[in-house]
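Hi everyone, thanks for coming. Have a look at the model on the screen, and I'll walk you through it.

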Amino acid sequence: MDTKNLFMTPVTARLVRAEYGLGLVVATVLFFAHLTEVRWLPAVALFLYIDLIGYIPGAIQYRRHKGQLPKVYYVLYNVMHSMVTQGLVTLGWIWLFGFEWALLALPIHLFGDRALFGNYLKPFGLHFEPETHQAYRRFRSEFEAADTAADRDPESLGSLSWP
């Protein structure tokens with residue numbers, strides 16, 4: 001994936017998930033290292049509110065209607081599962097109430113979604129719940145065929161030019 005090719009191959013996706021996995025480990029270790037200082041009601045509320053607003057309404061509607069949903073559900077998911085949004089929530093919480101270890105529930109939730117489940121922000125053109133799109137299936141097949149051809153004949157990639 002780069003700025004001209006906004007897609008992920010399976011290997012790239014695993015590497016990105018590993019990076020989020022490291023963030024999950026760091027946030028979880030910090031959380032458990034300060035377990036006696038964690039206020040549990042705010043920690044649980046901060047962990048759950050992301051999905052209560054951003055995922056569960058869309059998941060219920062998706063299961064009821066089995067198909068494409070109104071964009072509002074994608075927007076709710078993406079806003080609530082955004083590191084930017086949760087970073088602003090964290091800053092607002094610190095400004096209003098001061099720092100507390102319960103705030104680690106936010107990165108634990110987001111890093112966990114990305115590292116453990118591979119859940120990223122949801123594009124409008126895909127189903128709300130993960131299903132392989134036929135265009136991606138075609139891309140992957142063509143990409144793998146091109147990769148195999150390049151392994152047999154490296155010259156098929158063309159000449160390398162340096163800027």
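**A helix pair and a pocket**

Okay, the crossing of α1 and α6 is left-handed, meaning the near helix is turned anticlockwise from the far one by less than a right angle (clockwise would be right-handed). Helices here are DSSP runs of H or I with at least four residues, numbered from the N terminus.

Quick note on the source: this is a predicted model, where local features need pLDDT of at least 70, side-chain atom pairs count only at pLDDT 80 or more, and totals for chains, interfaces and linings use all residues. Residues are numbered from 1 along each chain as its sequence is written, and side-chain values use heavy atoms, with hydrogens and water left out.

Back to our pair. Which residues in α1 meet α6? Among them are R17, Y20, L24 and F31 in α1, and on the α6 side you'll find I108, F111 and R114, for instance. Contact means heavy atoms within 4.5 Å. For the classes, Ala, Val, Leu, Ile, Met, Phe, Trp, Tyr, Cys and Pro count as nonpolar, Asp, Glu, Lys and Arg as charged, and the others, Gly among them, as polar.

Now, the largest pocket. By class, its lining has 15 nonpolar, six polar and six charged residues. The largest share, four residues, comes from α1. Helix α7 (134-152) also supplies at least two residues of that lining.

And the second largest pocket? The largest share of its lining, six residues, comes from α6. That lining divides into eight nonpolar, four polar and four charged residues.
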